[in-house]
Amino acid sequence: MEGVSVRKIKKICVFCGANSGKDVAFVNAAFHLGEVLGKRKIDLVYGGGKLGLMGCVSTAVAQHERQVLGIIPSAFTINNLVGETCGKEIKVATMQERLVMMMEFSDAFIALPGGFGTLEELFQMISWAQLSIHNKPIGVLNINGFFNGLLSFVDHAVKQEFITLRARKILISATTADELVDKLQAFRFEPDPALSKLKWSPSSSQKEKLDLTLRL
């Protein structure tokens, strides 16, 4: 990475399944990602609990004596539904509040294999980056081609002119944890000139007008 400006990443939020998946490679990759974060002295933010891949990555980070923060809706803690969070836990009222807090506490985001919840979190962060709500890097760890279909779909949406080339650059992918973290550190945010004018402060009473031809 010589000659490339490297951003300082202290905390990475990991989105992933509360299940382990069919392929043992998913579990191994989750543990390895946690080891990589630990060795690089990067703390973890995640959705809390100890189920599935979420439990794997959080356990591995904690074993390397890095801080782990689980942000979890209170509803999930009833009857110990998702197990004990590995590290510090913050309880929130809603899923949206959880995601906002994840964004605020993290310097970057990684998605491992998962289901609808993982995909929702991933694309919410991507759309918020597109809208310049944040400028933090986002990547998927493409284990055994798990995200091939998703990446192909995104590229198809670019070809059909629903996603701009600038917006496409927001989503990073790699097949190994080390490569992905390197790419996140080297990421340079390219804001959309029109969307970057939006004011997202709660005190803002008026928003900038958007060109309706913008592809959101």
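**Entry 1: ground rules.** I am working with a predicted model, where local features need pLDDT of at least 70, side-chain atom pairs count only at pLDDT 80 or more, and totals for chains, interfaces and linings use all residues. Residues are numbered from 1 along each chain as its sequence is written, and side-chain values use heavy atoms, with hydrogens and water left out.

**Entry 2: confidence.** I checked pLDDT, the predictor's confidence in each residue, from 0 to 100. The chain averages 89, and 90% of the residues score at least 70. Residues 203-216 stay under 50. For that stretch the model has 22 contacts beyond four places in sequence, a contact being heavy atoms within 4.5 Å. Where pLDDT is low, the predicted coordinates should not be read in detail.

Entry 3: Of its 26 lining residues, Met 54, Phe 76, Arg 98, Gly 117 and Glu 121 are the closest to the centre. I also noted that strand 1, helix 4 (95-105) and helix 5 (116-130) each give the lining at least two residues. Helices (H or I, at least four residues) and strands (E, at least two) are DSSP runs, numbered from the N terminus.

My note on method: on a 1 Å grid over the protein atoms alone, a pocket is an open set of points with protein on both sides within 12 Å along at least five of seven lines, while a cavity is a set where a 1.4 Å probe fits but cannot get out; lining residues have an atom within 4 Å of a point. Points are joined across faces, edges and corners, and a volume is the space filled by probe spheres set on them.

**Entry 4: the cavity.** How many cavities of 30 Å³ or more are there? I found 1. The largest cavity has a volume of about 30 Å³, and its lining is Arg 166, Lys 169, Ile 170, Phe 187, Arg 188, Phe 189 and Glu 190. By class that makes 3 nonpolar, no polar and 4 charged.

**Entry 5: the core.** A nonpolar core is a set of buried Ala, Val, Leu, Ile, Met, Phe, Trp, Tyr and Cys residues joined through side-chain atoms within 4.5 Å. The largest one here has 33 residues, and those touching the most other members include Ile 12, Val 14, Ile 110 and Leu 112. Helix 1 (24-39) and helix 8 (177-186) are among the elements that supply at least two residues each. Helix 1 provides the largest share, 8 residues. A second, separate core has 27 residues, including Leu 99 and Met 101.

**Entry 6: Ile 110.** Ile 110 is in strand 5. It counts as buried because its relative accessibility is 0%; buried means under 20% relative accessible area, exposed over 50%, partly exposed in between (1.4 Å probe, protein chains only). Ile 110 contacts Ile 12, Val 14, Leu 33 and Leu 180, among others beyond four places in sequence. Ile 110 and Val 140 are 30 residues apart in sequence but 5.5 Å apart, C-alpha to C-alpha.

**Entry 7: Asp 43.** Is Asp 43 buried or exposed? Asp 43 is buried, since its relative accessible area is 10%. It is in strand 2, and its contacts beyond four places in sequence are Lys 10, Lys 11, Ile 12, Arg 66 and Gln 67. From Asp 43 to Arg 66 I get 5.4 Å, C-alpha to C-alpha, across 23 residues of sequence.

Entry 8: Most residues other than glycine have a negative phi. Lys 41 has a positive one near 60°; it is in the loop between helix 1 and strand 2 and is exposed at 59% relative accessibility. Asn 144 also has a positive phi, about 50°. I found Asn 144 in the loop between strand 6 (138-141) and helix 6 (148-159), exposed at 58%.

Technical notes:
Ala, Val, Leu, Ile, Met, Phe, Trp, Tyr, Cys and Pro count as nonpolar, Asp, Glu, Lys and Arg as charged, and the others, Gly among them, as polar.
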